[in-house]
Amino acid sequence: MIVLLTGDDQHAIQEQLNQYKAEIDSQWLTLCYHRFSADRLDQAISVARTRSLTGGKKLVIVENCHLKQWGDTELETLQQLVQVPEFTILVFVATNVDKRLKIYKHIVKYAKLFEFPLIPPWRTDLIEKAISTQAKKIKLVLSKDAVEYLAEAIGNDMTRAATELRKLYIYGKGRQLEFAEVKELVPCQTQNTLQLASAIRQGESNQVLHLLDDLLSRSEPLMVIVATLLTQFRTWLWVKSAIASGVKKDSELAQLCSISNPNRIYYLRQEVANTSINALAKAVTMMLDLEMSIKRGAEAKNLLPTILSLSSKFQLTPTM
């Protein structure tokens, strides 16, 4: 079996990998469980083509495959996918892929595609559902308002959600946990990232410094910060552009901007009323560049200059 896992939800991807790993006989993991980086594709395919010495299943994982790093040589290597035995599970893991690439089109001829996008941070209904589902899996009982608080406090970071829910399970010892207890045990962090986006949009450099320092001091993952900022600025850009093009009805704005809750449009209108389209477009571009640099290994020290530079653009740019 050949599989391509893509998306920004690293927790969901890891859960899927754990399921595949569970299919391997634990006593033979040393022989039947292999992980390779994308630059060792030829070795990964060679191992995948070889039948398991135990006669059972073998798991071969190729990590960090954004596919653009592969050329004609790798495409030739991938011609061997047809030779992968039935009992080998060959998994390609990619944060995102360009579906126009020849490499991608070749892989999906043989692979099952599973996409794991992050839940948008404003889709609290989906976040609550995901948290409830995770809680049920570990038999953690939470009151409704406790789940609602967790959705606000954790946001769409499902990796953190899993950690916090395990902590609550140990604390609760099987009883239902209420809002007050959960709030005391789980600090609210994601809201600060959304506050950071608002401070940038309003050009409040001092507040930007305070919020960013607070996030980094609590070891908030850089990718989580940037992903939330990118999503927020992209939404503001869509709404501002649609309004500028003459769209007036909230229902039409919601549909054009892929916003599931039309009631949210009222607040978005206010947020972008005095904001420049050019500044918002620049923000999205800068966030995309920053996201890519972090994936390539950039550190937290690179985040501050970019964020401050972006904040200054909202101070200097008139609305239009």
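Which element gives the largest share of the lining of the largest pocket? Select α12, which supplies nine residues of that lining.

Before moving on, a word on the model. It is a predicted one, where local features need pLDDT of at least 70 and side-chain atom pairs count only at pLDDT 80 or more, while totals for chains, interfaces and linings use all residues. Residues are numbered from 1 along each chain as its sequence is written, and side-chain values use heavy atoms, with hydrogens and water left out.

**Stop 1: the largest pocket**

Stay with the pocket, whose volume is about 1,500 Å³. To find its centre, select D8, T95, M223, E291 and K295, the closest to it of the 50 lining residues. Then colour α1 (10–22), β4 (88–94), α8 (158–172), α12 (222–244) and α15 (277–295), the elements that each give two or more residues to the lining. By class, the lining has 23 nonpolar, 15 polar and twelve charged residues.

A pocket here is an open set of points on a 1 Å grid where a 1.4 Å probe fits, with protein on both sides within 12 Å along at least five of seven lines, and lining residues have an atom within 4 Å of a point. Helices (H or I, at least four residues) and strands (E, at least two) are DSSP runs, numbered from the N terminus.

**Stop 2: a nonpolar patch**

Next, select W28, L31 and L53, which make a nonpolar surface patch of about 340 Å². Such patches join nonpolar side chains within 5 Å, from residues with over 30% relative accessible area and no salt bridge (a Lys or Arg side-chain nitrogen within 4 Å of a carboxyl oxygen of Asp or Glu). Zoom in on L53, in the loop between α3 (41–49) and β3 (58–63). L53 counts as exposed because its relative accessibility is 78%; the cut-offs are over 50% for exposed, under 20% for buried and partly exposed in between, with a 1.4 Å probe and protein chains only.

**Stop 3: two positive phi values**

Most residues other than glycine have a negative phi. Now go to the loop between β3 and α4 (72–77) and select N64, whose phi is positive, near 55 degrees. Are they buried or exposed? N64 is exposed at 60% relative accessibility, whereas L67 is buried at 1%.

**Stop 4: a distance to draw**

Finally, select D214 in helix α11 (residues 205–217). Draw a C-alpha to C-alpha line from D214 to N192: 8.5 Å in space, 22 residues in sequence.

Terms used
Grid points are joined across faces, edges and corners, and a volume is the space filled by probe spheres set on the points. Ala, Val, Leu, Ile, Met, Phe, Trp, Tyr, Cys and Pro count as nonpolar, Asp, Glu, Lys and Arg as charged, and the others, Gly among them, as polar. Patches are made of residues with over 30% relative accessible area and no salt bridge: like charges are joined within 9 Å, nonpolar side chains (Val, Leu, Ile, Met, Phe, Trp, Tyr) within 5 Å. Accessible areas come from the Shrake-Rupley method with a 1.4 Å probe; for residues, only the protein chains shown count as cover.
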